[in-house]
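Me: I have a structure open and want to go through it. Can you take my questions as they come?

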Amino acid sequence: MNNLLNIINSYPAVYADIFVVFVLALILYLLTLFISKIILRKETPEVEKKVIEEKPTITPPEEVPVDSPTTESAPVEVQDAFKAAGALDPEIPEPSTITEETTAIEGAGTTKEEVVAEVVEEVEPVEEPHVVSEPESVLSKLRKGLSKTQTGLFGKLDGIFSRNEIDQETWDEFEESLISSDIGVSTTMKLREVIAGNNLNNPSDIKYALKTEILNILKNAEGGMSELSAKPTVAMVVGVNGVGKTTTIGKLANKFIKDGNKVMVAAADTFRAAAIEQLEVWSQRVGSDFIKGSPGADPSAVAFDAVQASLSRDIDLLIVDTAGRLHTKSNLMDELKKINRILGREISDSPHEVLIVLDATTGQNAVQQAKSFNEAIDVTGIVLTKLDGTAKGGVIIAIADELNIPVKYIGIGEALEDLREFNAEEFVEALFDEGGSTVH
């Protein structure tokens, strides 16, 4: 101890004080550690005791009497039946229970073979009947799709012609209701002139006359897609952005693939990378061949590559997508003309179809789009989409009357099969939705 004090005193006073403080702190730490261990030792037995007290008591299972019947003592046939029963139905009782029941039955005079047959018969699975839901008819889908147009148009007409007297004011309101349903001014004036000239006074007769005239207009606009006589048949698809052009191409490809044709889709809309990606997804979904160029590439070059690929791959139908563009931009419309020329140069008389996709929800603007595109390139057919979600379905009547272009397909839903060939009679029946006599 004296030696330790001498060593401490040999250092300067400041260092000596620091050393003393360090030693005292170490002693205090060791003392605290020692006390805490003593306390923990005292508490541990109490904790263990509590855990033991809280442990649930487990009752040992009852011993099975030696003379209890088991499956091992049963005949082989019964054992097989038990195995089959256990495999087929998890709710079958334990084998020991079944054996007891079997023994009781044997005591009543039943043979072992009968017991086996009854057990197997009870566990045979019962097949559930396979219910096949009937697909919704085209007319039913059309009625649902045109319900907004039907309500908007004929809800007004029913109110107009419910009056006792049909005069000039009545016919003026009749005219307004047709125009507000996007049938168009020119077509409405023709309909009024024909129907009012028949001097009809009965509301049902007026509605029937209107139905007949509309059917006559739409009948002239019927026309399916041309047969795939050329190999490949080339279809060029045009339209403004947002009308459902990409979706229409996917559904059109699916339709012809299901008919047994080999289809190729070409993404000549190189101005939007997203358009190429969307079309590629559709091609993979329906199982068609796909040709694309890099974003920003010359659309005509993509069209050229697609023609060469379709010839080498023995394609039946080549569908060429084009960039969505405003019909008011002449420079963009010139690009369509260039693609049209390239296709015609590589395959004689192509494109065999030029389909314009129109959005029914745009009303009269769809008519103007069709007129502008038809002036730039000869449009051979119209695809009218989104008829299932608009009150402006009457625009198809204006399109059929004002444009000398057949309506080839209509879109009445989002499913692949909801792109339908246009049928005038089905459309008129769904539009008027009377459930009465059909106009032919």
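What follows is a chat about the fold, the core and some backbone details of this predicted model.

Me: What share of the contacts join residues at least 24 apart in sequence?
Reply: 75%, taken among contacts between residues at least 6 apart.

Me: OK, the sheet. What's the strand order?
Reply: β3-β2-β4-β1-β5-β6-β7-β8, an open sheet with mixed pairing. The edges are β3 (289-292) and β8 (419-421); each has a single partner strand, so one side of each lacks a neighbour in the sheet. From one strand to the next the twist averages 25 degrees.

Me: β5 and β6, how many bridges there?
Reply: Five, and the two strands run parallel. One of the residue pairs is L358 with L384, the latter in β6.

Me: Then β6 to β7, parallel or antiparallel?
Reply: Parallel, over three bridges. I382 stands opposite V407 of β7 there.

Me: Is β7 buried or exposed?
Reply: Buried: five of the five residues of β7 (407-411) are, so the strand is largely enclosed by the rest of the structure.

Me: Which strands does α12 lie across?
Reply: Helix α12 (residues 273-286) lies across β2 (263-267), β3 and β4, at about 165 degrees to β3. As for α14, this helix lies across β1 and β4 and runs at about 180 degrees to β1.

Me: Switching to the core. Which residues touch the most other members of the largest nonpolar one?
Reply: L210, L218, L384, I396, I399, I410 and F427, out of 99 residues in that core. The helix that gives the most to the core is α10, with seven residues. L384 is also the β6 bridge partner of L358.

Me: What does F427 touch?
Reply: Leaving out neighbours within four places in sequence, F427 is in contact with L142, L146, L218, L387, G393, I396, I410 and F422.

Me: What caps its N-terminal end?
Reply: N423 caps α17, with a side-chain oxygen 3.1 Å from the backbone nitrogen of E425. After the helix comes D433, which has a positive phi near 50 degrees.

Me: Which other residues have a positive phi without being glycine?
Reply: D182, at about 65 degrees, and D314, at about 60 degrees, are among them. Most residues other than glycine have a negative phi.

Me: Where are those two?
Reply: D182 is in the loop between α8 (168-180) and α9 (185-196), and D314 is in the loop between α13 and β4 (317-321).

Me: Why does D182 count as buried?
Reply: Because its relative accessibility is 11%, and the cut-off for buried is under 20%. D314 has a relative accessible area of 48%, so D314 is partly exposed.

Me: Now cis peptides. What's the omega from K231 to P232?
Reply: Near 5 degrees, so that bond is cis, while most peptide bonds are trans. P232 is in the loop between α10 (203-219) and β1 (233-238).

Me: And the bond between S350 and P351, what is omega there?
Reply: About 0 degrees, again cis. P351 lies in the loop between α14 (330-346) and β5 (353-359).

Me: Last one, S300. Which helix is it in?
Reply: S300 is in α13 (residues 299-312).

Me: Buried or exposed?
Reply: S300 is buried, with a relative accessible area of 4%. Not counting residues up to four places away in sequence, S300 touches E335, K338, I339 and I342.

Technical notes. Residues are numbered from 1 along each chain as its sequence is written. This is a predicted model: local features need pLDDT of at least 70, side-chain atom pairs count only at pLDDT 80 or more; totals for chains, interfaces and linings use all residues. Side-chain values use heavy atoms; hydrogens and water are left out. Helices (H or I, at least four residues) and strands (E, at least two) are DSSP runs, numbered from the N terminus. Buried means under 20% relative accessible area, exposed over 50%, partly exposed in between (1.4 Å probe, protein chains only). Contact means heavy atoms within 4.5 Å. A polar contact is a pair of N or O atoms within 3.5 Å; within protein, one must be able to donate a hydrogen and the other to accept it, and residues adjacent in sequence count only if both atoms are side-chain atoms. A nonpolar core is a set of buried Ala, Val, Leu, Ile, Met, Phe, Trp, Tyr and Cys residues joined through side-chain atoms within 4.5 Å. Two strands pair if DSSP finds at least two bridges between them. Axes are lines fitted to C-alpha atoms, for helices over the stretch in contact, and angles run from 0 to 180 degrees between N-to-C directions.
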